[in-house]
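Biologist: I would like to learn how to read the packing in a model of this kind, one feature at a time. Could we look at it together and begin with the aromatic rings?

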Amino acid sequence: MPADLPKRILIGRALRSDKLGETLLPKRIALPVFASDALSSVAYAPEEILLTLSIAGASAIHFSWQIGLVVAVVMLAVVASYRQNVHAYPSGGGDYEVATVNHGPNSGLVVASALLVDYVLTVAVSTTSGVANVVSAVPSLRGYELPLSIVVVILLMGMNLRGVRESGSAFAVPTYAFMAGVMGMVVWGAIRSGLGQTMNAESSGFHLQATPGNDSLAGFAMVFLLLKAFSSGCAALTGVEAISNGVPAFRKPKSKNAATTLLMMASIAVVMFMGIIWLARLTHVQMAEDPAEQLVGAGADYHQKTALAQISEAVFSNFTPGFYFVAAVTGLILVLAANTAFNGFPVLGSILAQDRYLPRQLHTRGDRLAFSNGIILLAGVAILFIIAFDADPTRLIQLYIVGVFVSFNMSQSGMIRHWTRLLRTETDPKKRSHMQRSRAINAFGLVMTMAVLIVVLATKISHAWIAIATMVVLFVMMKAIRRHYERVSTELVAAEEPEDVAPPTRVHAIVLVSKLHKPALRALAYARLARAHTLEAVTVNVDPADTEALRKDWDARGIEVPLKVLDSPFREITGPVLDYVKNLRRSSPRDVVSVYIPEYVVGHWYEHLLHNQSALRLKGRLLFKPGVMVTSVPWQLESSERRKPQKAWSAPGAVRRGEPRHHGGRPFETSDTTRTGNKDGSP
C-alpha cells in the first residue's frame with residue numbers, strides 16, 4: 001500500500017503546476033465561493049438587530065426596518081466602492097495592497113491584521129451560527145454545539161485542502177439552495193399576506209418587556225441603543241471584501257468578472273436582508289437577549305429559536321417541508337460561509353509571507369495547488385476561538401465586525417489617494433471623468449464605513465477590545481518576523497569579492513563511536529573518502545569496561561584511524577565532545593572540524609524513542625558551534641524496510657515544477673504542507 005494513500009483518499013491526487021489555470025472559477029462558482037459569507041450573514045444580522053432592540057422592550061422593535069434600510073444603503077455603498085478596487089488592484093492583495101501602496105507598509109499591516117482576525121472570526125461565527133440553526137430545527141442536538149462546531153471546521157478544512165475549484169463546486173448547490181429557500185419564503189409570505197392569511201411566529205403570543213433597569217429608555221439612551229442595533233446589523237457587510245482579495249481566482253477577464261460577482265452578491269443580499277426584516281415584523285417575532293426575564297408568558301422551559309427559524313415556521317405553517325428545507329439550507333450556508341475565509345485567509349497569508357511578514361511556509365502550495373499551510377492554520381485558530389467562547393455565536397459576533405470595518409476604512413481612503421495621484425498626471429478628459437466619478441464613489445463609501453466604525457467602537461468597545469488586542473499582537477508579530485528575515489538576509493548576503501571569504505586552512509575529521517559495530521565502520525569508511533587533513537575516532541569513557549573492550553577490539557582489527565578516549569567523570573556524553581571540539585577550534589581558529597555521527601534509521605515510530613537520542617542532542621548542540629560541520633551517517637535497520645515507498649515517486653516540489661515521476665526508492669517522505677521549499681532555497 002502506498003505510504004501516502006490516506007492523504008490521497010482525503011485530498012485527492014497531486015496536481016501539476018501547469019494545471020493551475022484549470023482551477024480558476026467562472027462567475028457561477030465564484031459567487032458561492034467568495035460571496036457565501038456575505039449572503040449567509042442575512043440569516044443572523046436581522047436577528048442581531050432584534051436582539052439589541054429588545055433591551056428597550058416592544059416599543060423599540062418597530063425601528064427594525066429603518067435600521068435595516070440604513071444597513072442596506074451602507075452595503076450598496078461599500079460594494080460600489082469595492083467595484084472600483086477590483087479594477088484598480090486585480091492582483092489579489094485587496095485591502096492590504098491598496099493600503100500598502102497608498103498609505104505605506106504600516107497601514108498595510110494594520111489592514112492585514114484586521115483581515116486575518118476577521119477571517120478567523122468568520123469561520124468561528126459562521127460555523128457556530130450554522131450549528132445553532134440546526135439545533136433550532138433539531139432540539140435533540142442541544143448541548144452538543146461545541147463538538148459539532150469543531151467537527152464542521154475540520155470538515156471544511158479537509159474540503160479546502162482538496163482545492164478551490166472542488167470546494168466551490170461542492171458548496172455551490174447549498175448556496176443557491178439557500179438563496180432559493182429565502183427568496184421563496186419571502187415570496188410565499190407576500191402571497192399569504194396578500195390573501196389575508198395570518199402568519200404568527202411561535203413567540204408572537206409573548207409580551208416583550210425591557211430588560212431590568214431599562215424600562216424607560218429615552219433621549220440619548222435610545223439613540224445609543226439604535227446605534228448599537230445598527231452596528232449589530234452591519235454584520236451583514238462582512239465578507240464583502242473577500243471578492244477583492246480573490247480576484248486572481250476568477251477566470252479572465254478577472255476584474256470584470258469579479259466586479260459583476262460583487263454586484264450580483266449585493267443585489268441578492270439586500271433583497272434577502274430586507275425581506276427577512278419585513279417578515280419578522282409581519283410574523284410578530286419576539287427575540288430577547290434574556291428570554292426568561294423579557295418574554296412574559298414564555299415559561300421557564302422555553303428555548304428560543306433563531307429568528308429565521310421562527311419566521312420560516314410561521315410562513316410555511318401550511319407547508320411543513322418548506323420549513324425544514326429553509327432550516328436545512330440555512331444551517332448549510334452558515335457553515336459553508338466559512339469557506340469564504342478558507343479562500344481569503346490562505347491567499348492573504350501567502351502574500352504576507354511573500355512580503356516576509358509571515359513564515360515563508362504560508363507561501364507554498366500543497367498537492368492540490370491550494371495554500372495548505374494557511375488552510376490548516378486558519379482552522380486551528382478558529383477552533384481555539386470556538387472553544388474559548390463555548391461555541392456561542394452571539395458572543396463571537398460582538399468581536400466580528402471591528403476588523404472588517406478597519407480594513408474598509410483604510411481601503412477606501414487608500415483608493416481616494418490612488419485616484420488623486422492618477423488625476424495629477426492624466427490629461428484625457430474621458431479618463432479624468434471616470435477617475436473623478438470613481439473617487440466620489442470611494443469617498444462616499446469612506447464616509448459610510450467611517451460612520452459605522454465609530455458607532456461600532458462606541459457601542460461595542462466592551463467586547464471589541466479582544467479583537468483590537470488580537471490585531472495589535474498580530475501587527476507586532478508581523479513586524480518582528482519582517483525584521484528577522486531582513487536581519488538574516490543581510491547576514492547571509494554573499495561578499496562581492498570571492499577572495500574576501502577566507503577558506504579554512506585544514507579540516508579535522510572526527511568520527512564518534514561507542515562500539516565497533518557496522519554503523520561505526522560505515523562512518524569511518526565514509527569519513528576516509530572525504531580525505532580530511534586529519535582523521536580520528538572519538539569515544540566517551542562512560543563505562544570503563546566498555547571503553548577497554550572497545551580499545552582491544554580496535555587494536556585487534558588493526559584499524560589505522562587513531563582512537564581518542566574522552567574522560568567523563570559524570571557519565572555525560574555531550575559535554576566532553578563539545579569541550580573537545582571547542583579546544584580544537586580554539587587551538588586552530590581557521591580550521592574546520594567535521595563531525596561524523598552514525599545514526600540508526602528505524603521503521604516504527606516507537607523505535608525513535610529507543611535510538612539516536614544521544615546523537616540528536618549532540619547534533620543539536622554542535623550546530624550552534626561556528627566552524628563545525630555535522631554529518632549524519634545512516635544505517636538502515638531491518639524495520640526500516642517496511643517504510644520503503646512505491647516505485648513511482650516525485651521529488652519534493654517536482655509536481656509543481658512539472659517534472660516527470662521517477663522510479664526506484666524515495667530518499668525521504670514529505671507531508672502535504674511541507675513538500676516544497678521557498679524560492680530562496682530555505683526549508
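Modeller: Ring pairs join Tyr82, Phe405 and Phe408 into a cluster, where rings of Phe, Tyr and Trp (its six-membered ring) count as paired if their centres lie within 6.5 Å, with planes under 30 degrees apart called stacked, over 60 edge-to-face and the rest tilted. Please keep in mind that this is a predicted model, in which local features need pLDDT of at least 70 and side-chain atom pairs count only at pLDDT 80 or more, whereas totals for chains, interfaces and linings use all residues. Residues are numbered from 1 along each chain as its sequence is written, and side-chain values use heavy atoms, with hydrogens and water left out.

Biologist: How many aromatic pairs does the structure hold, and what is the geometry of the pair formed by Phe405 and Phe408?

Modeller: There are six aromatic pairs in the structure; Phe405 and Phe408 form one that is edge-to-face, at 5.0 Å centre to centre and with 80° between the planes.

Biologist: Are Phe405 and Phe408 buried or exposed?

Modeller: Buried means under 20% relative accessible area, exposed means over 50%, and partly exposed lies in between, with a 1.4 Å probe and protein chains only. Phe405 is buried at a relative accessible area of 0%, and Phe408 is likewise buried at 0%. Leaving aside neighbours within four places in sequence, Phe405 is in contact (heavy atoms within 4.5 Å) with Cys234, Leu237, Thr449, Val452 and Leu453.

Biologist: Which residues have the most contacts inside the largest nonpolar core?

Modeller: In soluble globular proteins, nonpolar side chains tend to be buried together. A nonpolar core is a set of buried Ala, Val, Leu, Ile, Met, Phe, Trp, Tyr and Cys residues joined through side-chain atoms within 4.5 Å, and the largest one here has 150 residues, with Met185, Met265, Phe342, Leu352 and Phe405 having the most contacts inside it. Helix α11 (residues 254-282) gives this core its largest share, 14 residues. Apart from it lies another core, of 17 residues, including Val540, Leu566, Val581 and Leu584.

Biologist: How should I read helix α21, and what do its buried residues pack against?

Modeller: One begins with the span, whose expected value is 1.5 Å times one less than the number of residues: α21 (residues 574-587) has 14 residues and reaches 20 Å from its first C-alpha to its last, close to the expected 20 Å. Its buried residues, among them Tyr580, Val581 and Leu584, pack against β3 (507-512), β4 (534-541), β5 (563-567), β6 (592-601), α22 (613-622) and β7 (628-636).

Biologist: Why is β3 described as largely enclosed by the rest of the structure, and in which sense does β3 pair with β6 and with β4?

Modeller: Five of the six residues of β3 are buried, so β3 is largely enclosed by the rest of the structure. Two strands pair if DSSP finds at least two bridges between them; β3 and β6 pair in the parallel sense over five bridges, and β3 and β4 also pair in the parallel sense over five bridges. His508 stands opposite Val593 in β6 and opposite Thr534 in β4, while Ala509 has Ser594 of β6 as its bridge partner.

Biologist: How many of the residues of β6 are buried, and over how many bridges do β6 and β7 pair?

Modeller: Eight of the ten residues of β6 are buried, which leaves that strand mostly covered. β6 and β7 pair in the parallel sense over nine bridges, with Ser632 of β7 as the bridge partner of Ile597.

Biologist: What does Ala464 touch, not counting residues up to four places away in sequence?

Modeller: Ala464, in helix α18 (residues 429-492), counts as buried at 0% relative accessibility, and with those residues set aside it touches Gln398 and Val402. Ala464 and Tyr400 are 64 residues apart in sequence and 8.0 Å apart in space, C-alpha to C-alpha.

Terms used: Helix = DSSP H or I, 4+ residues; strand = E, 2+ residues; numbered from the N terminus.
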